[in-house]
Amino acid sequence: MTPDGTDSQATGGRFSEALMRQAAVHVAARLGVNGEHAMLLRLTNNAVFALPDAGVVIRISRSHKLRQRVAKVTALGGWFSQIDAPTIRLAPGCEQPIEVNGLHATIWTYLPPQPPAPDVTDLGTVLRAFHQLGPPDLRLPVWDPISDARDRIADAEALPDTDRRFLLDWCDRLEPRIAALNQQAPPSLVHGDAHVGNLLRRHDGRAVLCDFDATCLGPWQVDLIAVPVGEVRFRRPGAHTRLAAAYGYDVTNDPAWPTLREARELKMVAAAVPLLASGPQVAQEFTVRLRSIQQHDSAARWTPFADL
């Protein structure tokens, strides 16, 4: 889950909290531990449960269609352990992923909260080390924010036709610029959802990344855009200066910045599209975001979906 609310709304129905908790109990039983008192940490695209006494976190994909993504994350977790990457670790001693009723779970080492909480300075330091790892010898997807946006638009029944056409035209205009950016340099390892909420702190004080669902190959600058774009749109000054100082690079001075910024804004607008039927607050915020893009209004203040 990103700080601007991307994928912040829980999926209900067959992927409800109760059913996810039931699945976690079954996964825990496979591990030989009691999952009845599993602690829910997140309920977004994944249901994430902690079992502190067992020292593990169970992460269950809330979809039957994302088996390849779970396999990718598992392979990355193994590679991260081999090279001592600045990331969390898969739990040792169990074959992964684990399948329960068509759902797929990965098991990670539990890291209890450690003060001080990770901040944007930690993010810059960790991302610099993460990017220095280089691409792994694994089959990873290429950074493709356009396909992601189109998928969200296609699934939206409550989206007015005029707004749908605008968003699809926006995708068409931006797509060749994204393709050109992907071809300008050798692909780097990209976390794909780099924000402070995806940092944890180990017992030794080292901050590490988690959540690799969006990890891909592409321009490393992608991981630096969420903070400055959020700073402008949400009126939260100061964070980008600290991120740039810690990383050693100011992405807003990059020649690709206009394209990177627009790709991020497309994601932040499209994130609301499947959620329009969930309530008037989301629909109103979607309208604010979309109209500000249409009117080239950089002064319009957006509100994180998580705050609605």
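Which elements do the buried residues of α3 pack against? Before the answer, some ground rules. This is a predicted model, where local features need pLDDT of at least 70, side-chain atom pairs count only at pLDDT 80 or more, and totals for chains, interfaces and linings use all residues. Residues are numbered from 1 along each chain as its sequence is written, and side-chain values use heavy atoms, with hydrogens and water left out.

Helices (H or I, at least four residues) and strands (E, at least two) are DSSP runs, numbered from the N terminus. Buried means under 20% relative accessible area, with a 1.4 Å probe and protein chains only.

Now α3, residues 120-131. Its buried residues are V120, D122, L123, G124, V126, L127, F130 and H131. They pack against α2, β6, β7, β8, α6 and α7, where contact means heavy atoms within 4.5 Å.

Next, α2, residues 67-83. Its end C-alpha atoms are 25 Å apart, which agrees with the 24 Å that 17 residues should span at 1.5 Å a residue; the expected span is 1.5 Å times one less than the number of residues. Buried residues in α2 include K72, L76, W79 and F80. Their cover includes α3, together with β2, β3, β5 and β6. After α2 comes D84, with a positive phi near 55°.

Last, T215, in the loop between β8 and β9. T215 is buried, at 0% relative accessible area. Leaving out residues up to four places away in sequence, T215 touches K72, L76, P141, L189, V190 and H191.

How values were computed: Buried < 20%, exposed > 50% of the residue type's maximum accessible area, 1.4 Å probe, protein only.
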